[in-house]
Amino acid sequence: MSESLKSGIEQFKDNIFGLKDSLTKSYLRAGKPTSDMSRAALMVNNFFLHIQGAKTHINTLRPAYTLGMGLIAFYLFIITCVSGALVMIFYNPSIEHAYSTVKDINYVVFAGRLMRNVHKWSGEGMIVFVLLHMARVLYTNSYKRGREFNWLIGIVLLVLTFVLNLTGYMLPWDQLSYWALVIVSNIIQSPKELTDILGLTKFVDIGGIQKEFFLAGTVPGAATLNRVYFLHIMLLPIIITTFIGVHFWRIRKDGGLTVPDNFNSSCNVDCGNLVVLPKKTGGIFTTNKTYGLMTMSKGVTPAVDRDVENTVLSWPNLAIAEAAVFVLCLAAVIVYSIFVDAPLKEAANALIPENPAKAPWYFLGLQEMVSYSAFMGSIVIPMLSVLGLALIPYLDRDQSDVGIWFSGSAGKKVAIKTLIVGSVCLIGMLAFVVNFGWFRNWWPSIAQIWIILINPANLWLLFVCAWSIWIIKSTGSTRMGAIALFTMFLVSYLILTYVGTELRGPNWEFFWSKAQWPIH
Amino acid sequence: MQSRFYASLLLISALILLAFVSYAGLRELNPEWKTYQKEYKRLFFNNAVTPDMKKKAAEYTVGIRQIYIKDLNRVDRCDNCHVGVENPLMAKEKVPYRQHSGTYLKDHPVTKFGCTICHLGQGNATNKKEAHAEGHDTYWDYPILPLKHIQSSCTQCHNMDFLSKHGADVIIEGEKLFNEKGCKGCHKLSGNGGVLGKALDGVGSQPIHYFPMRYVEGERTQPSWLKQHFEDPRKVVPESVMKVKLTPEEADKLTTYILSIRTYDPPKIYRRINEEPIVAKDGHALYNMYCVACHEDGKLSAFDENLKGTIPAIENPAFLMNADDRFIEMVVKEGRKGTPMTSWQLSSAGLTDEEIKKIVSYVALQRGHESSKPVSVNLKTGDKDAGKEIFNVRCALCHGEKGQGGLGLNLANQIIKKADDQYLFKTIRDGRATTPMPPFGSTGLGLTDQQIVNVISYIKAF
Amino acid sequence: MIVNKKPSLQCISYILIMVFSLLIFSIAAAEEGALKAPQDDGKNAVSVDVKKDVQDAGNNEAQLTLGKKLFGERCVVCHGASGNGKGPAGVIKVMEKSGRVLEIHPRDLTSGTFKFRTVSTGCLPLDEDLLRTITDGILKSFMPDAKVLKLDERKALVAYVKTFSPRFTAEEPCKQIAAKMPKWVGSKDSIVKGEALYKKMKCPDCHGNDGSGNGPKSNDIVDDWGNKILPFNFRTGNLKRGSTPDNVYLTFTTGLDGSGMPSYEDSLKDEERWNLVSFTLKLMNKAEYLK
């Protein structure tokens with residue numbers, strides 16, 4: 001009634017003066033986060049925050065548990081997107097202007113060089129952190145109890161990260177871009193190696209079709225650049241954003257991050273000054289009510305049973321942690337970008353091949369295997385690797401020890417043993433190949449089919465499988481097999497990438513360092 | 001503890017971020033070129049004498065500049081540092097403030113030509129290292145052209161006739177050296193020249209990666225490569241067979257000329273090339289252009305370690321006495337397969353029949369008046385097998401088992417098959433004075449005429 | 001769980017894999033070493049047995065007739081019928097890569113002075129030295145190899161060549177010098193010592209500081225017959241007798257009689273000569289002999 005006594009002007013005046021409060025209220029809905037209720041409401045009512053629970057398990061907040069890897073990968077994606085948009089404003093995707101606009105970004109756009117560096121390094125950082133995140137999930141046994149499907153989505157994200165980086169690599173249209181494009185298109189064309197042998201090429205040239213699809217022609221040119229640009233700024237970002245959304249949503253649906261079954265830390269010891277829920281001993285609910293959306297989700301939720309004792313409110317505990325990681329991430333990328341420039345070579349020149357023409361570093365492990373057999377190294381082995389990684393949660397259904405690093409000391413031993421055996425054997429095999437060559441060097445006229453069937457990459461794959469199975473057999477645990485397989489994957493990726501990047505020179509020959517390269 | 005951990009992490013990261021963002025911002029606000037422009041403004045003001053000038057200097061605003069030349073498709077930002085190139089008041093200052101030397105800018109206004117069309121370098125760049133493209137790590141195809149070779153840029157628009165009248169002495173002398181040292185004996189240019197070396201078309205505008213720089217000392221640029229290659233070919237390209245003797249000064253001039261051979265053509269409105277009347281060259285000039293690199297003065301018969309064969313002394317009177325013009329012309333036209341001697345006819349090395357005739361008559365000038373007595377040689381009586389026996393013992397030591405050559409000339413080629421029987425007979429019988437080819441006839445090493453005929457029929461069958 | 005059922009088997013397989021990998025490593029390393037080991041280019045292929053044969057063969061008449069016939073066919077062109085090195089072919093000119101023109105005079109066989117020996121300076125060459133030169137020829141000088149001839153024929157040539165100089169009947173043969181290369185030849189240390197000796201022994205006077213044969217005295221050298229000769233250019237070529245360490249050592253030890261190259265047998269110790277070998281191998285850029 002009292003409202004009506006005021007005149008319209010007075011109401012308007014009050015509204016103006018109350019603007020700050022009313023805006024805050026409309027934005028935060030439940031008012032300032034001063035009570036547990038409003039803190040929870042803040043999480044639930046915000047579109048971006050609601051994908052996380054109102055309460056978070058303490059284990060999730062332990063830096064030593066998650067290492068923040070997934071979060072960092074996500075933040076790098078955000079940074080990449082923002083800096084990418086800034087770089088995109090000045091970039092012109094035509095072969096006449098692409099290179100000079102990139103030069104202009106470097107030379108005359110305010111902070112353009114920094115933005116380009118940030119874009120480049122955060123993008124490549126994504127690869128590193130997506131892999132590390134994957135390692136964390138695997139080693140903490142976090143791909144189980146309903147999370148199997150999310151692991152698959154993670155694999156899709158890994159592949160998308162690679163492809164996004166690769167398409168970005170093509171855009172400056174310098175020598176690196178051009179010759180990487182040539183290499184990649186050759187890799188894409190490699191099924192031809194098999195169809196040639198089977199005499200099918202003249203009927204259906206799968207490799208050729210793939211290559212033409214990718215290059216929008218038979219050689220890299222204007223149409224290729226358009227196609228790659230479209231993939232890089234439009235199609236792939238949309239896809240990856242969608243998958244990231246699904247990935248996060250599934251985390252919630254699967255009951256948050258994993259927690260060890262016997263997690264039993266008492267807040268007196270471990271919680272410090274986390275904002276915890278008040279202890280309730282009476283009332284209708286013997287345990288605390290929760291405000292999350294977990295009622296719809298399956299699996300174990302932090303809101304029931306004993307788990308609730310170890311949860312804290314997400315606001316501010318989780319929020320501050322996430323903010324801290326974000327700022328750290330941004331600071332690291334900017335510092336790195338200030339001091340290290342993104343590479344930019346001479347303008348693309350189809351007449352001057354780079355020797356060695358190398359794909360971007362993250363594909364050099366593949367290129368190393370391609371040097372043994374194009375078809376196996378570029379199609380079969382990557383496919384099998386991705387398939388093997390994807391199937392890990394389905395082949396290892398051992399539900400014990402979830403949320404424990406390496407599932408205890410036995411897993412740690414297996415990981416270390418695999419690391420040593422894997423490194424030694426792989427380096428040994430590479431040393432053998434470098435020194436003695438392979439079939440083609442021994443019997444120059446041997447049919448290519450033998451090399452496709454028997455080459456170092458295949459043997460290595462077999463060894464990895466055999467080793468994992470042997471671990472399963474000797475330990476009696478599929479979980480140990482998973483650790484062994486994944487460790488082998490990491491070791492192979494690291495060593496092969498290192499060899500391809502640092503130790504391979506012109507004509508893909510072995511050199512201890514770049515200083516030993518012959519002419520050029 | 002976690003909350004405090006994250007809070008301090010947030011604080012520290014935020015401070016680091018702030019510090020480095022400010023650092024980056026400051027760096028962006030104070031680029032290299034700004035320092036130069038500020039100094040330029042000061043100098044401009046100091047040098048200005050009239051109040052008008054002072055006012056102009058005071059009004060000069062520091063800011064990024066560029067010259068965009070649509071027709072040349074170039075953006076030159078050189079004047080961000082070389083800001084005084086058009087200011088006469090800066091004539092006595094140091095580089096980069098100094099006014100452009102000479103009167104070049106009067107005829108080539110900066111707004112129409114820019115800088116990199118002549119000076120090369122990276123016009124886009126706004127810092128010295130990358131603009132001058134010094135060092136391989138700048139990844140620019142055309143590093144700045146040293147001033148001593150700057151005349152190589154003139155030929156893009158002007159012809160030699162014009163340049164010779166306007167004081168472009170270096171490039172004129174470079175061209176003279178190019179013609180006199182026989183470069184075209186091995187290198188093709190505009191369709192004529194030998195095939196032993198790489199073709200030179202567009203070599204002056206080849207990107208830096210075209211040149212293998214591994215053994216180049218000092219700056220690894222096109223001019224350094226060319227100069228060091230002229231001074232010692234095998235230092236820069238170990239497998240090179242190039243023969244060249246130049247003083248360092250000559251090497252510089254020749255480098256300038258070679259750098260002027262570019263494929264890039266500026267648009268027509270820039271070019272001032274009038275069709276030069278083609279002056280027909282005489283035999284001597286042609287000999288210098290195409291033959292002199294290998295045959296030198298044609299008097300020395302020496303085994304050449306680079307070409308791995310003996311270069312025949314074609315001015316040797318003993319040779320000319322037996323070889324008639326028809327034979328020499330045939331050799332020049334067809335070349336000698338399996339040896340460095342190229343076929344020089346129009347379809348391969350690009351010389352017209354007329355030019356070849358001129359060269360032959362120049363070579364024949366050394367022929368004495370006396371001609372050798374004709375002999376009658378009947379190859380039908382030749383016994384190849386007997387010839388083979390003699391050849392393997394007597395000739396193979398120098399000419400090779402299969403006539404492939406060594407110290408002696410290569411005999412397994414079509415020229416020998418087509419050669420006059422009398423010519424071969426006399427050569428074997430009398431030897432070739434002043435060369436290691438000894439007389440094998442009865443007066444020398446004692447082969448009978450019949451034996452010589454046998455040998456001829458054997459070598460004709462290679 | 002069956003984790004610890006067969007611990008020994010697990011252990012053994014583990015060790016086996018490690019051993020296997022190490023094996024591959026060591027094979028790889030060994031292979032690399034083998035590739036880099038010095039390779040004998042066959043210059044010293046004449047064995048001691050041959051020496052004995054040559055001496056036993058004696059000067060019998062038939063052999064000399066054969067020798068004379070072969071000499072007339074193959075050698076006269078350069079060395080002349082009287083063996084004085086003035087055959088109809090005359091002087092052979094060679095333009096080196098550097099543009100320098102060498103004049104090669106065929107050996108005057110009547111003097112009994114030979115460059116390529118395995119005996120001290122001033123001594124007559126052994127029969128096997130001559131046989132080796134005839135068999136293998138002399139690199140770069142256009143003295144061809146005579147591998148097409150049978151051993152008997154080559155021995156006959158040796159016997160006939162010896163008849164040109166009276167020294168072969170008047171003088172006793174000297175003791176052969178064997179080259180036994182120490183292991184450290186080609187090492188960095190040895191190269192440094194060799195370089196000091198190179199300067200100390202005044203080698204640069206003729207061969208130049210950088211070994212390119214352009215020292216201050218290089219234009220004034222004549223051989224025993226008064227012909228102008230040029231010092232060896234280490235930068236561009238191979239030694240006429242072959243560029244193996246043994247041959248370089250023998251050159252320093254025996255000298256090149258008749259040319260300006262003296263013997264250092266008395267003025268340098270054996271070890272010092274080998275150091276000099278190391279340094280000259282470096283000058284010639286013989287990477288295969290350097291460590």
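In chain C of this predicted model, residues 24 or more positions apart account for 66% of the contacts with a separation of 6 or more. A contact is counted where the C-beta atoms of two residues, placed from the backbone, lie within 7 Å. The model is predicted, and local features need pLDDT of at least 70, side-chain atom pairs count only at pLDDT 80 or more, and totals for chains, interfaces and linings use all residues. Residues are numbered from 1 along each chain as its sequence is written, while chains are lettered from A and ligands numbered from 1 in the order in which they are written.

Chain C holds 10 helices and 2 strands. Both kinds of element are DSSP runs, numbered from the N terminus: helices are H or I with at least four residues, strands E with at least two. Starting at the N terminus, the order is α-α-α-β-β-α-α-α-α-α-α-α. Chain C has 291 residues, and 37% of them count as buried. A residue is buried if 20 or more other C-beta atoms lie within 10 Å of its own, exposed if 12 or fewer, and partly exposed in between, with C-beta atoms placed from the backbone.

Chain C is assigned domain 1 (48–170) and domain 2 (188–289). Such bounds come from an automatic or database domain assignment. The C-alpha centres of these two domains of chain C lie 24 Å apart. Contact between them takes 22 residues of domain 1 and 22 residues of domain 2 of chain C. On the domain 1 side, 6 residues are nonpolar, 8 polar and 8 charged. Here Ala, Val, Leu, Ile, Met, Phe, Trp, Tyr, Cys and Pro count as nonpolar, Asp, Glu, Lys and Arg as charged, and the others, Gly among them, as polar.

Chain A is also assigned domains: domain 1 (66–260 + 326–354) and domain 2 (368–520). Their centres, taken over C-alpha atoms, are separated by 23 Å. Domain 1 of chain A gives 23 residues to the contact, and domain 2 of chain A gives 27. On the domain 1 side, the elements with two or more residues are helix H9 (112–139), helix H10 (148–170) and helix H12 (191–198) of chain A. H10(A) supplies the largest share, 5 residues. This side of domain 1 of chain A divides into 14 nonpolar, 5 polar and 4 charged residues.

Chains A and B also meet. In this contact, 31 residues of chain B touch 34 residues of chain A. The chain B side comprises 21 nonpolar, 6 polar and 4 charged residues.
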